[in-house]
Amino acid sequence: LRLVATAATDHRVELARGTMSALIWAPPRLFFVNTPSATAIDLGCAYTLTVDAAGDGELHVTAGYVALADAGRESIIPYRHLCLTRRGAGPGTPFAEDAPAALRAALQRFDFGTLSAPATTAAVGELVTLARPEDAVTLWHLLTRAPAAQRPAVFDALAARRPPPAGVTRAGILAGDADMRRTWGIELGLGTFALPVR
């Protein structure tokens, strides 16, 4: 662990390998932790971050929210959720800390596997079948990450478990309306950090 930079708007450290815990009481997006596979961005939180010898990581949020970002891809991880990162692939899709093992396995294949189109379709099919109401944050991220042909199934699975709030429509979400998706994310507990996520 080493200090990279400190300034009024950017306090940054690097975790190359090992485990660190952080508790931050500061404005959002002020404290950053660089790792070989993603950058953890504080959104007002407490978390544990582990990086293995290969540079892959696991982030577990124990209070508030954390963003994980790399190469234009960002995941928002709320309290009691985890997110894996892989060198060269960046952050995966967040999942609940009590998510079933089968859902975690399907998510890892979707996020980090070298999948053919049929295999990707199968992984998304497993995810929408296995997801519980507690897995709504995972499904919310899949609204933009799943192949376009499968996003209707993701929408339907999320709507069945956590109905969209007033003004959020199936047509709008499938058309990529970022404001509707953000509104739904807020309803799911992602707060004002429910930004458009790729």
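**View 1. Helices α3 and α4 lie roughly antiparallel to each other.** In this predicted model, the axes of α3 and α4 come within 9 Å and cross at roughly 155°, and because an angle over 145 degrees counts as roughly antiparallel, this pair is described in that way. The crossing in which α3 passes α4 is left-handed. On the α3 side the contact is made by A136, L139, W140, L142, L143, T144 and R145, while α4 contributes R151, V154, F155, A157, L158 and R161. Sorted by class, the residues in this contact are nine nonpolar, one polar and three charged.

**View 2. Helix α3 also packs against helix α6.** The axes of helix α3, which covers residues 136-145, and helix α6, which covers residues 178-190, come within 10 Å and cross at roughly 165°. That angle makes α3 roughly antiparallel to α6, and the crossing of the two helices is left-handed. From α3, the residues A136, V137, W140, H141, L143 and T144 take part, and they meet R181, W184, G185, L188 and L190 of α6. By class, the contact of α3 with α6 holds seven nonpolar, three polar and one charged residues.

**View 3. Helices α2 and α4 pack at an angle of about 10°.** Here helix α2 (residues 117-130) and helix α4 (residues 151-161) have their axes 9 Å apart, and because angles under 35 degrees count as roughly parallel, α2 and α4 are described as roughly parallel to each other. In this contact V124, V128 and T129 of α2 meet A153, V154, A157 and R161 of α4. Five nonpolar residues, one polar residue and one charged residue make up the contact of α2 with α4. Among the α4 residues in this view, V154, A157 and R161 are also listed in the contact of α4 with α3.

**View 4. The largest pocket has a volume of about 160 Å³.** The residues that line the largest pocket are R80, H81, A96, E97, D98, P133, E134, A136, V137, R162 and L188. When the lining is sorted by class, it has five nonpolar, one polar and five charged residues.

Note on methods: Residues are numbered from 1 along each chain as its sequence is written. This is a predicted model: local features need pLDDT of at least 70, side-chain atom pairs count only at pLDDT 80 or more; totals for chains, interfaces and linings use all residues. Side-chain values use heavy atoms; hydrogens and water are left out. On a 1 Å grid over the protein atoms alone, a cavity is a set of points where a 1.4 Å probe fits but cannot get out, and a pocket is an open set with protein on both sides within 12 Å along at least five of seven lines; lining residues have an atom within 4 Å of a point. Grid points are joined across faces, edges and corners, and a volume is the space filled by probe spheres set on the points. Ala, Val, Leu, Ile, Met, Phe, Trp, Tyr, Cys and Pro count as nonpolar, Asp, Glu, Lys and Arg as charged, and the others, Gly among them, as polar. Axes are lines fitted to C-alpha atoms, for helices over the stretch in contact, and angles run from 0 to 180 degrees between N-to-C directions. Helices (H or I, at least four residues) and strands (E, at least two) are DSSP runs, numbered from the N terminus. Angles under 35 degrees count as roughly parallel, over 145 as roughly antiparallel, 65 to 115 as roughly perpendicular and the rest as oblique. A crossing is left-handed if the near helix is turned anticlockwise from the far one by less than a right angle, and right-handed if clockwise. Contact means heavy atoms within 4.5 Å.
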